Amino acid sequence: MDDRQKKVLLRVRGLKKWFPIHRGITSRVAGYVKAVDDVSYDVYQGETLGLVGESGCGKTTLARTSLRLLEPTAGEIQFDGQDFRALGRRELRQARKNMQIVFQDPFGSLHPKMKIGRIIEEPLIISGVKDKAARRKRVEELIVRAGLKTEHLDRYPHEFSGGQRQRVVIARALATNPKLIICDEPVSALDVSVRSQILNLLEELQESLGLTYLFISHDLSVVEHICDRVAVMYLGQMVELGTREQIYGGMLHPYTKALLSAIPLAGGEKRERIALEGDIPSPAKPPEGCRFHTRCPYVAEVCKTVPPFEDAGEGHRVACHRWRELAGTK
Amino acid sequence: MIKKLASCWRRYSQVILGGGLFLLIVLMAVFAPLIATHDPGAYAMREALQEPGPAHLCGTDAFGRDVFSRIVYGARISLTIALAVLVVCGALGTVLGLLSGYYRWAEATIMRLMDGLMAFPSILLALVILTVFGSGIQNIILALSISYLPRVVRTIRGAVISVKEYEHVEAARAMGASDARIIFKYILPLCVSPLIIRLTLIMALTVLSESSLTFLGVGLSPEIPSWGNILSEGRQYITTSPYLITLPGLAIVLAVLSLNTLGDGLRDLLDPRLK
């Protein structure tokens, strides 16, 4: 995308989501699980921002908190120039039509007792489209757009396959013409053969409707395929953020290196695996300083202090003290 | 054509059988004066404890009253009480259950209250309420409703808590749906099957509890023919005249069975996955 046209759609600064841990009969707060701890990022209009990381690193919580589906503990959110955290309950509900979610599990995210037509119609009803005929017309338009047929509208979700259900979820997400769509692992629950169909559908829709995606995934090859920029998360924090080329071509953070070295190569080529030692630490007790230092192969004395999330040039940001020294190494 | 009828029957059989039987019982209660062969309250000591026969379809009790007529009239009282308790418990329990399952703030208040009520055995609780407020059909309904309410609330609350975590509920929130819409459109429809099962059970329990209360002397006065009353009076003659127990018992069984079947059928009918 051309730099001059970049318009920030979602601006997040210092976002935190701490879940309290209650103990004992008085349920006093014994500590916090810092699922998202001081994360800042921008999502530009029309781009696809990938969010990758191990399970439990806070990807989903970050996305949910960014949309206030979970109330943030602290931080600023600006959506389309509007201070999103200042909205009251009613205004927030109104604003919801501008952002939608495509969930991971297409079997759980559709109401089992509603017909497909009704499921897609719901967001229209909620956003206040009174004219019944207009709603019906829009629903028919959407289902075709998502690659299904109008006769499917009178069926129930259980009559469809996973891929078809995901198409319904996408049609529902599109109903209110949202500006931002969060795709929370939209293809992880699908068969490999169906995956590419859904990914192509998402790309096609983005092109024709000018959508912006926040794309959460742990599948790095899917992210490489679909995303313009990629953010890497570790233990509730962003460790690296850059364009697809910057991340896949010249990643700087040791964690990103380890993560990417796990992608299998086609054609039996061998790549040097960087195997990390130990388990991911508990987000209730994250390591002091750089959170990755307990597992980092390049750990040094300086890593006991918190690294800044600094710009390594051309918007490529990395949270590592030693990225300059390590830039030459594999 | 026959195939279609067969599939139709398979789908609706439970509703038709259960609903039909229940309707018959209700009709019997409504048209009791036309169906009963004798005055249910008329004593005839000379005809006491007769076996079922042409003169008395279900025999007579220790006072010579016609048991068949008493069962027919008893349906009025027993069904009124059972259905009233069903409605009160169902409506109030659903609302309280939804509230306490959905809102954290409501949970603490409502559930502690329900736990308090549940700490008493339900018959004891009903006994206390009836002792305080006095006897009578209305008070029996009130007492039994209060005693059975916590079970309904607990059932609904449990279902709500699990349904609340489903992704389709979160999808509704992400669409900007109001709490009321989420609760009634997205959560309640998935709590219907446990509710139906719980309510049919309560219906059966109510008929039996009413007889226990009568037996304990705080229920209905013995002149009023209710199924529970007939049953508890017949208890003394269980060895010599077992029909005094079995026949009103059969009426209770049939009523509960019909409602149970109807409930099961409705539940399946409401589930699109079983079409």
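Where in chain A does N177(A) lie? N177(A) sits in the loop between helix 5 (162–174) and strand 7 (180–184) of chain A; helices (H or I, at least four residues) and strands (E, at least two) are DSSP runs, numbered from the N terminus.

Before the rest, a word on conventions. This is a predicted model, in which local features need pLDDT of at least 70 and side-chain atom pairs count only at pLDDT 80 or more, while totals for chains, interfaces and linings use all residues. Residues are numbered from 1 along each chain as its sequence is written, chains are lettered from A and ligands numbered from 1 in the order in which they are written, and side-chain values use heavy atoms, with hydrogens and water left out.

1. **Two backbone angles to look at.** Most residues other than glycine have a negative phi. Phi of N177(A) is near 55°, a positive value, and N177(A) is exposed, with a relative accessible area of 53%. R68(A) also has a positive phi, near 60°, and is found in the loop between helix 1 and strand 4 (74–79) of chain A. At 10% relative accessibility, R68(A) counts as buried. Here buried means under 20% relative accessible area, exposed over 50%, and partly exposed in between (1.4 Å probe, protein chains only).

2. **The nonpolar cores.** A nonpolar core is a set of buried Ala, Val, Leu, Ile, Met, Phe, Trp, Tyr and Cys residues joined through side-chain atoms within 4.5 Å. The largest has 119 residues, of which I120(A), I187(B) and W227(B) touch the most other members. Helix 3 (residues 67–102) of chain B supplies the largest share of this core, 15 residues. Apart from it lies another core, of 34 residues, including Y41(A), L69(A), F79(A) and M238(A).

3. **Where the chains meet.** The contact (heavy atoms within 4.5 Å) takes 26 residues from chain A and 21 residues from chain B. About 2300 Å² is buried between the two chains, with carbon and sulfur atoms giving 57%; buried area is the accessible area (1.4 Å probe) that two parts lose on being put together, summed over both. On the chain B side, E167(B), M175(B) and P272(B) lose the most area to chain A, together 27% of what that side buries.

4. **The largest pocket.** On a 1 Å grid over the protein atoms alone, a pocket is an open set of points with protein on both sides within 12 Å along at least five of seven lines, a cavity is a set where a 1.4 Å probe fits but cannot get out, and lining residues have an atom within 4 Å of a point. Grid points are joined across faces, edges and corners, and a volume is the space filled by probe spheres set on the points. The largest pocket has a volume of about 1200 Å³. Of its 35 lining residues, L69(A), L70(A), Y102(B), K164(B) and R173(B) are the closest to its centre. Helix 7 of chain B gives the most to this lining, with 4 residues.

5. **The second largest pocket.** This one has a volume of about 420 Å³. Its lining counts 22 residues, with K6(A), Y44(A), R229(A), T243(A) and E314(A) nearest its centre.

6. The structure holds 1 cavity of 30 Å³ or more, and the largest cavity has a volume of about 60 Å³. Among its lining residues are H253(A), C290(A), F292(A) and R322(A).
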